[in-house]
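Here is a walk through one protein chain, written for someone who likes the cut-offs spelled out. Have the viewer open and follow along.

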Amino acid sequence: MKIAVDAEAVLARARSVLETEGEAIRALVCRLGSAFVEAVRRILEARGRVVVTGIGKSGHVGRKLAATLASTGTPAFFVHPAEASHGDLGMITSEDVVIALSNSGEVAELSALIVPLRRVGATLIAITGNEHSTLAREADVALDAAVASEACPLGLAPTASTAAAMALGDALAMALLEARGFTAEDFARSHPGGSLGRRLITHVRDVMRRGDALPVVPPEATIATALFEMTGKGMGATAICAPDGALLGIFTDGDLRRALPLIGDLQQARVADFMTRTPTTIAADELAIDAVSRMESERRNLLLVTDAAGHLTGALNMHDLLRAKVV
């Protein structure tokens, strides 16, 4: 059954939600201060890990915060407060920092953890919408995530409050990332399975062809020999190298097309007379994604890899990068 939808009402509500949540997040900016700095300091100085906890929608925000912290240089994990009271408190040590999220700050499951955490000696940081709550009063550091109103038209479903708590958690994670000097390479090491990780940790040496897979001919080789090498190695080009491996040039399909009108006999013409003497090269320790950029900017399908002395060590084309899922 097709249901009639009031498009204007739908869009008006959606815009209202986004505006309310945006305002809630913007309001956090002017409230950031010494408590936020103290939270960052406590986490940086901690010898243990960050343990994030929360229940309901705050629990979902907490899981996201723990994942963000862990992937940006701050070891963290999530513990459900109900499970913590039934044995999982054993995961928490005196060297850990616990971040507890609750909009009201009066959730029974979190309040029940305060005394046990004090006994353990862990640092407690609260992210709450009620600075006068039990959680805020008992925490070592309380971060204010209060919102003027929820985006829910009934004023019931956590919407602006969860958006504000998540944004404040992201701000905390990013401040820690910067304070730790966390780099893109560090991020890639914890994301090896993702496309971003592959781009940041895959180097030219990891994908280049080498050894017998390299198309190489000496400068005295004929164009006919060069064509056999180009076809056999399937790269559409061949490097021309001196006996010691020094790169002298490259002979490509384009060089062949330009040379054909000038060649009388493919078995007699020397490839060195028609090669490109200044081929584009790249170093093996450069990132593969930089090879992609070089190919795209210079409109080339192949790059030769050379060492510091100018000797050929490898070659790669766009197909090699596609197979490595760098592109």
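Helices (H or I, at least four residues) and strands (E, at least two) are DSSP runs, numbered from the N terminus. With that settled, A308 sits in the loop between β10 and β11 (312-317). A308 is exposed, with a relative accessible area of 91%; here buried means under 20% relative accessible area, exposed over 50%, and partly exposed in between, using a 1.4 Å probe and protein chains only. Between the C-alpha atoms of A308 and A284 there are 10.0 Å, and the two residues are 24 apart along the chain.

A word on ground rules: this is a predicted model, where local features need pLDDT of at least 70, side-chain atom pairs count only at pLDDT 80 or more, and totals for chains, interfaces and linings use all residues. Residues are numbered from 1 along each chain as its sequence is written, and side-chain values use heavy atoms, with hydrogens and water left out.

**The whole chain**

Along the principal axes, the C-alpha trace spans about 90 × 55 × 40 Å. Of the 327 residues, 42% count as buried. As for contacts (heavy atoms within 4.5 Å), residues 24 or more positions apart account for 63% of those with a separation of 6 or more.

**Helices around α7**

Next comes α7 (residues 160-180) and some of its packing partners. Axes are lines fitted to C-alpha atoms, for helices over the stretch in contact, and angles run from 0 to 180 degrees between N-to-C directions.

| Helix packing on α7 | Angle | Axis distance |
|---|---|---|
| α1 (residues 7-31) | roughly 40 degrees | within 9 Å |
| α2 (residues 34-45) | about 55 degrees | 10 Å |
| α3 (residues 57-71) | about 15 degrees | 10 Å |

Angles under 35 degrees count as roughly parallel, over 145 as roughly antiparallel, 65 to 115 as roughly perpendicular and the rest as oblique. At roughly 40 degrees, α1 is oblique to α7. The crossing of α1 and α7 is right-handed; a crossing is left-handed if the near helix is turned anticlockwise from the far one by less than a right angle, and right-handed if clockwise. On the α1 side, T20, E21, A24, I25 and L28 meet A160, A163, A164, A167 and L168 in α7. By class, that contact has 8 nonpolar, 1 polar and 1 charged residues. The classes go like this: Ala, Val, Leu, Ile, Met, Phe, Trp, Tyr, Cys and Pro count as nonpolar, Asp, Glu, Lys and Arg as charged, and the others, Gly among them, as polar.

What about α2? α2 passes α7 in a right-handed crossing. F36, A39, V40, I43 and L44 in α2 touch L168, A171, L172, A175, L176, A179 and R180 in α7. This contact has 11 nonpolar, no polar and 1 charged residues.

For α3, the angle to α7 is about 15 degrees, which makes α3 roughly parallel to α7. The crossing of α3 over α7 is right-handed. Here K57, V61, K64, L65, T68 and L69 in α3 meet T162, A165, M166, G169, D170, A173, M174 and L176 in α7. The tally is 8 nonpolar, 3 polar and 3 charged residues.

**Around A226**

A226 lies in helix α11 (residues 223-233). Is A226 buried or exposed? At 0% relative accessibility, A226 counts as buried. Leaving out residues up to four places away in sequence, A226 touches V217, T238, F251 and V271. I223, A224, E229 and M230 are buried in α11 along with A226. The buried residues of α11 pack against β6 (216-217), β7 (237-241), β8 (247-252) and α12 (253-259). Just after α11, G234 takes a positive phi of about 65 degrees. From A226 to S161, C-alpha to C-alpha, there are 68 Å in space and 65 residues in sequence.

Most residues other than glycine have a negative phi. R299 has a phi near 55 degrees, a positive value in a residue other than glycine. R299 lies in the loop between α13 (288-298) and β10 (302-306), and is exposed with a relative accessible area of 80%.
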